[in-house]
Each structure stands twice: as structure tokens, then as C-alpha cells.
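Hello,

Here is the structure I promised to pass on to you. Have a look at it first, and then read my notes below.

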Amino acid sequence: MCGIIGYVGKKTAAPILIDSLKKLEYRGYDSAGICVLNDSLQLQTYKTTGKIADLELVLPRNVGGTIGIGHTRWATHGQPNTENSHPHLSGDIAVVHNGIIENYLEIKEKLIECGYVFKSETDTEVIAHLLHSHLYSNNSGVNSCNSGSQSKKCDLMTAVQGTLRALEGSYAIAVLCSSEPDVMIIARKDSPLVVGIGNGEIFAASDVTAFLKNTTNVVYVDDNEIGLIRGGNVEFFDTDGNKVIKETTTIEWDIEAAEKAGYEHFMLKEIHEQASSVYDTFAGKISELDGTVNLDELNLSDEQIRHLTRIEIIACGTSWNAGLLGKYLFAQLADIHTDVDTGSEFRYGYPVMCGEVLTIAITQSGETADTLAAVRSAKSYGCRAIAITNVVGSTITREIDSVLYTRAGPEIGVAATKSFTAQLITLYMLALHFGRVRGKISAEDSKNLLVALKNIPADIQKILNKKSIIQKCARQFANSSDYFFIGRHLNYPIALEGALKLKEISYIHAEGYAAGELKHGPLALLINKTPVVAIATKGHTYDKILSNIKEVKARDAVVIAVADEDDTEIEKYVDVVLRVPRSHVLLSPILSSVVLQLLAYYTALERGCSIDKPRNLAKSVTVE
Ligand code: AGP
């Protein structure tokens with residue numbers, strides 16, 4: 001998730017772009033840049049790693065020009081460094097982009113054959129060069145991007161249309177071209193983009209916070225729409241060039257509410273973002289047509305994967321819960337035994353690391369001290385270590401053999417939500433990839449799983465659409481002093497995560513158990529009306545969890561079941577049913593976890609807790 005801004009008006013663009021980027025910084029903050037067309041009609045670009053404050057330091061005084069674009073980055077392709085930061089240039093073209101171009105490698109290869117030289121590792125740079133190739137004739141086969149000596153084939157709008165037709169994936173872009181100095185073109189597909197209509201000036205940004213202090217009149221750009229901004233006007237077109245009439249809305253939020261996109265808390269916003277963030281996690285990596293997963297960045301040969309004898313997962317908190325689900329997936333899909341250790345235990349636990357062990361560190365922040373120390377210890381045994389993390393350039397990425405990025409975007413709420421589902425998706429992809437290479441899962445089964453995976457964003461959206469049912473349930477039990485969460489097999493880690501979320505933000509005592517373990521002790525704790533959340537989606541342990549539900553009902557507990565939407569059986573045994581769309585049995589834990597996030601959120605809301613910053617907790621635990 002990155003933030004983009006464009007300005008076309010009569011005022012000096014640079015300070016407006018900087019100010020807007022500061023408002024967008026929550027979307028990404030590892031590097032930033034702006035490009036303005038100065039009064040001599042030259043593109044002037046300033047970029048740096050770090051935050052917008054760092055960009056201000058490299059910006060000369062009095063940068064002229066009244067049209068410009070800017071970007072604050074949360075890296076997905078390539079390290080957070082100056083080369084990879086936006087805007088990206090090709091000759092007289094400058095582009096900023098938020099999203100993921102799935103087929104960028106394919107396009108890059110063709111552009112390199114045509115003589116284009118790439119300066120960054122990003123997917124975005126292909127947009128700039130592709131645009132350039134559409135705009136200028138290139139019969140020589142070698143293109144130095146020196147557009148001065150080349151003749152134009154078409155106008156910028158036509159070039160943008162041609163470029164967008166070739167792109168697969170998601171994008172919100174803003175484009176400048178010094179040979180059409182009064183024009184800015186913007187476009188969107190599956191990434192947010194909104195236009196602000198000011199007095200003789202137009203803004204385009206990833207969200208309204210960027211320009212809210214200048215105007216409250218906005219036009220929401222829809223998918224596959226292109227905006228042509230010129231002077232104080234903006235016109236919209238579809239990708240075939242047909243004019244689209246758009247409605248202008250007036251925003252009534254204040255700035256603080258707008259940063260949360262109108263949500264009361266970052267946590268709720270991040271829960272909602274999962275309908276698209278999970279897509280970003282698997283975008284460009286899966287092919288449901290042949291049942292394969294492409295994880296080239298792993299740098300593990302098929303031979304190495306086949307010879308693995310054990311996986312050692314190291315993580316803390318929510319990431320550990322994701323790791324436990326990974327253990328079940330590696331067993332079922334790839335026939336690999338996995339141990340899951342917390343960082344703090346592994347480092348002092350005299351681990352046995354013989355054989356071909358692959359260590360997988362799972363950490364949203366990439367900075368958790370215990371996880372880092374444990375990984376260093378694991379590596380000292382000579383085994384290969386990979387990381388699943390959300391933060392490009394974080395400490396773990398510099399100490400590990402290879403990295404799988406979860407691409408969930410920055411997570412501000414202390415309670416992990418979208419980073420957890422992104423970790424789960426990454427583990428599904430990894431286990432499936434290992435399973436295919438090791439011949440443990442057929443192409444057919446793999447295809448079915450990937451088809452269902454592609455549906456997960458829509459399934460999550462369906463849960464979000466009915467969140468009021470979860471809110472009602474949360475209200476009903478918000479005054480409970482204890483809560484229990486039970487699940488079996490893949491639903492057991494989800495029970496643990498549900499309990500962690502609830503205790504973390506609502507301060508209610510909550511325990512997660514493997515449902516079969518209740519009778520070995522915890523049943524003694526159940527008293528009249530204690531809420532027990534049973535994750536009871538269909539699967540090979542469904543009948544078993546029904547028995548456990550009956551067990552707790554017999555002790556007068558109140559049972560809240562998380563169940564498939566078409567399960568009519570469950571209603572007979574429980575007090576409340578929270579539904580998830582019917583998905584592949586292996587994938588329903590992802591959906592159940594969204595339900596439990598909402599349950600925790602609304603419980604905490606009801607209890608008036610500090611949701612985004614719970615007491616005693618920090619987002620990233622960088623001390624032992
Ligand atoms: C989850 O809601 C917590 N904030 C916490 O358990 C977190 O998952 C843990 O501290 C690990 O953080 P990491 O993923 O950044 O390593």
C-alpha cells in the first residue's frame with residue numbers, strides 16, 4: 001500500500017505535494033518522492049529513502065512549477081531505496097503508482113529487448129517505459145528514452161490507454177509528460193483513487209486526506225476509468241475513450257476521521273482492508289489454471305525442497321498463531337513435519353537442528369527482538385532460514401537467506417489483523433508450492449484450492465457486509481469476565497488468535513483451546529453463561545467439535561458458533577451462529593479469523609477501550 005498525489009493548479013506544486021504526502025504517510029513511509037514540471041517545462045524529480053520529513057530535507061528551496069505528482073512508498077517490489085522510490089521516469093514521462101503489476105516481469109523483458117534501460121527493481125518502472133514506447137516511435141529497436149530526437153506517435157491519453165490494456169494487476173497512477181505540459185492523466189483499477197475539485201485547481205490522491213484542507217468536493221474514480229486533468233478541470237473516460245459522467249460528492253469528515261477513511265479506528269479500517277489486502281498477497285503468484293504457485297524469491301531449488309526433513313517456524317504472538325496453522329498445512333499438503341516455537345523459547349531451548357531443516361521466521365514488523373535472536377540462533381546451526389514479513393527492508397530481511405513479503409500494507413493498529421490473514425495466505429502458498437514440488441498434492445487438488453483462494457477477497461467482503469450481526473453478538477456478551485475459544489485442527493490456531501485479539505483490546509480474560517483438551521482441565525472453569533466461541537466450519541473434525549459443543553452446553557455455557565452459511569445442523573446446539581461463506585475446507589480459517597477480529601473489535605468498542613493502542617502493548621516489541 002502506497003500513497004499517491006497529483007496537483008494541477010495555479011499555486012506552486014511542491015509544497016502542496018509535500019503537505020499532501022504527509023497526510024498519506026500512514027499508507028507507507030519507507031521512501032518518498034515528487035516530480036514537478038518547472039517553469040522551463042522540465043521535469044524535476046526529488047526522491048529519498050525515509051519519511052516525508054527526509055524528502056523535505058533534500059528539496060531545494062523555491063522549486064517552481066504548478067503541476068506535479070508525488071508518492072510515499074511501502075515497498076512491495078524492491079528494497080526501500082532512492083532508485084526504487086517513485087516517481088519513475090522514462091524520457092519526458094513521470095509516473096507514480098500504487099498497486100501491483102502482476103505481469104511486470106514479462107513486460108520488462110520485452111522492453112529490455114527494445115532497448116529500455118531499467119534503473120529500479122520496481123514493477124512501476126515498466127509503466128513509465130511502456131508509456132514511453134506507446135508515445136514515441138521506436139523503429140530502431142534501441143531506445144535511449146531520449147524523446148527529444150523521437151517523433152510522437154500519439155497523444156498522452158492514447159498512450160495511457162494502450163499501456164493500461166497491457167497491464168495485469170492493480171493500479172492507481174498519475175502521469176506527467178513534459179511534451180504535454182498542461183496535462184496530467186490519472187487512472188485506476190483495484191487501487192483507490194479520488195479527485196478533489198478545488199477553485200481552479202485539481203488534486204488526485206489515494207485518499208481524501210491528502211487534499212481535504214484544500215477542498216471537500218470530490219469525485220471517486222472507479223475501476224477502469226481514466227481522468228484527464230487540464231487547467232481547473234477534469235474529464236473522465238473509460239479505457240476505450242468513451243466519456244464517463246461522474247458525480248461530485250461533498251466530504252463531511254474532519255482530517256482525523258479521513259485518515260481512518262471514515263472508520264472509527266485504524267483496527268476497523270484494517271479489518272476492512274482485508275477484502276483487498278489478501279488479494280495483494282497472492283497477486284501475481286498463483287496460477288489456478290495449472291495449479292502452481294510462483295515463489296521465485298525463495299531461491300530454493302526443487303531439489304532442496306524435496307530433501308527437507310523438517311521445518312522450524314519461529315514467531316511471536318499473532319505471527320506464532322499463523323505459524324501453527326502453517327504447521328498443519330505443511331503436514332497435510334507437503335508431508336513435512338514442522339515445529340512451531342516462540343522466539344523467546346527457541347533461543348533458550350537447546351533446539352535439535354539436525355537434518356535438512358528450513359527455518360521460517362514469521363514477523364509482521366521484521367523487528368521483533370525475540371524472533372530476530374531466535375533466527376540468529378537457528379542460523380548458527382547452519383540451516384537455511386527464510387522470513388515471512390510485511391516490512392520491506394526491516395532487520396529480518398537483512399539477516400535472512402530469502403524473504404516472502406506479505407504485502408498487506410502498513411498496519412497501524414497494535415492488534416494485528418490484515419497482517420495475520422496475509423501471513424496465512426503466504427503459508428498456504430508456500431505449503432502448496434512445497435506440496436507440488438514434493439508430489440504430495442495433485443494438480444487438480446491444487447487448482448481447486450487456488451480457485452477458492454482467489455475467491456477469498458469476495459468472501460471476506462461478504463462477512464464485512466454483515467458485520468452488524470457480529471456487533472450485536474459482541475454487545476450481548478461485552479460484560480463477560482471470561483471467554484473461551486475452541487477449535488480443532490486448522491481451527492485451533494484460529495481459536496488461539498480469537499482469544500488473543502479479544503484479551504489484547506477488550507481486556508477480557510480469554511483462553512483459546514484445542515477443543516479436545518477441554519475435558520482435561522479447562523472444563524472446570526466453565527460456569528453458567530460463560531461465552532464459548534466454537535469455530536465449527538465443516539471439515540474432518542466437524543462431528544468432533546459438535547461433541548465438544550454439547551459438552552460445554554451441558555455445563556450451562558453459552559455457545560457462539562462460527563459456522564458455514566449453509567450449515568443448518570449447528571443451530572440446534574448453540575446459542576448464536578456467526579456465519580462465514582462456504583469456502584474450501586482448508587481456507588475457511590481465514591474467513592473465521594475475520595469474524596473473530598470483528599467480535600473482538602466490537603466487544604472492545606462496547607467496553608470503551610483504547611482499541612488502536614491497548615494498554616501496556618506496543619506495535620513492535622524490539623526488546624527481549
Ligand atoms: C498481535 O495482535 C500482537 N500485536 C502481537 O502478538 C504481535 O503479533 C507480536 O508482537 C509479533 O509481532 P511481529 O509479527 O511484528 O513479529
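**The ligand and its surroundings**

Helix H9 (317–334) and helix H16 (491–506) each contribute at least two residues to the shell around the ligand. Helices here are DSSP runs of H or I with at least four residues, strands are runs of E with at least two, and both are numbered from the N terminus. Before going further, please note that this is a predicted model, in which local features need pLDDT of at least 70 and side-chain atom pairs count only at pLDDT 80 or more, while totals for chains, interfaces and linings use all residues. Residues are numbered from 1 along each chain as its sequence is written, and side-chain values use heavy atoms, with hydrogens and water left out.

H9 gives the most to the shell, with three residues. Around the ligand there are 13 residues, and Ser319, Thr363, Gln364, Ser365 and Thr368 come nearest; a residue counts as near if one of its heavy atoms lies within 4 Å of the molecule. By class, the shell has four nonpolar, seven polar and two charged residues. Ala, Val, Leu, Ile, Met, Phe, Trp, Tyr, Cys and Pro count as nonpolar, Asp, Glu, Lys and Arg as charged, and the others, Gly among them, as polar.

For Ala416 a backbone N or O atom lies 2.8 Å from a ligand oxygen. The protein covers 90% of the 410 Å² of accessible area that the ligand has on its own (Shrake-Rupley method, 1.4 Å probe).

**Two sheets**

Strands of a sheet pair through backbone hydrogen bonds, either parallel or antiparallel. Two strands pair here if DSSP finds at least two bridges between them.

Five strands form an open parallel sheet in the order S24-S23-S25-S26-S27. Its edge strands are S24 (509–514) and S27 (576–580), each pairing on one side only. Strand S26 (residues 558–564) pairs with S27 over five bridges, and Val562 has Leu578 in S27 as its bridge partner. H16 packs on this sheet, touching S23 (482–487), S24 and S25 (531–535); contact means heavy atoms within 4.5 Å.

The other open sheet has seven strands, ordered S5-S6-S7-S8-S12-S13-S14, with antiparallel pairing. Six bridges join S6 (residues 93–98) to S7 (residues 171–177), and His97 stands opposite Ile173 in S7.

Happy exploring!

Conventions: Polar contact = N/O pair within 3.5 Å; in protein donor to acceptor, adjacent residues only side chain to side chain. Axes fitted to C-alpha atoms, helices over the stretch in contact; angles between N-to-C directions.
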